[in-house]
Amino acid sequence: MSLYKHSLSDREQEVVHQMALGLSNHDIGAALNITESTVKFHINRILSKLGVSDRTQAVITALKWGLAKL
């Protein structure tokens, strides 16, 4: 699959990075100064863009494709 097709926005990259660090939705929201519902919105967009069904798969895929770093 093309990386272009699955590009994440800057904010989505920030969220997936926080996910990779193991933070909860609440903690991601606090770290990025956004609401937990906004975090959930971004996570749903990330899952859709990466074609995965859960946050673990999203983190693995983002790391594999260089869309996030630890």
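How many helices and strands does the secondary structure of the protein come to? In this predicted model, the tally is four helices and zero strands. Walk along the sequence and you will read the pattern α-α-α-α.

Let's look at the overall form next. The protein has 70 residues, and for that length a compact globule would have a radius of gyration near 11 Å; the value here is 11 Å, so the two agree. Along the principal axes, the C-alpha atoms fill a box of roughly 35 × 20 × 20 Å. Contacts tell us about the chain as well: counting those with a separation of 6 or more, 53% join residues 24 or more positions apart.

Now let's step inside. Buried residues account for 36% of the 70 in the protein. In soluble globular proteins, nonpolar side chains tend to be buried together. Here, the largest nonpolar core holds 18 residues, and Val15, Val16, Met19, Ile46, Leu50 and Ala58 have the most contacts inside it. Helix H1 (10-20), helix H2 (25-32), helix H3 (36-50) and helix H4 (55-64) each give two or more residues to this core, with H3 giving the most, at five residues.

Leaving aside residues up to four places away in sequence, Ala58 touches Val16, Met19, Ile46, Leu47, Leu50 and Val52.

As for charge, the protein carries 8 positive and 6 negative charges, whose mean positions lie 7 Å apart.

Technical notes
Residues numbered from 1 in each chain as written. Predicted model: local features only at pLDDT ≥ 70, side-chain atom pairs only at ≥ 80, totals over all residues. Heavy atoms only, no water. Rg over C-alpha atoms; globule rule 2.2 N^0.38 Å. Buried < 20%, exposed > 50% of the residue type's maximum accessible area, 1.4 Å probe, protein only. Contact = heavy atoms within 4.5 Å. Lys, Arg positive; Asp, Glu negative; His and termini not counted. Charge placed at Lys NZ, Arg CZ, Asp CG, Glu CD. Core = buried A, V, L, I, M, F, W, Y, C linked by side-chain atoms within 4.5 Å.
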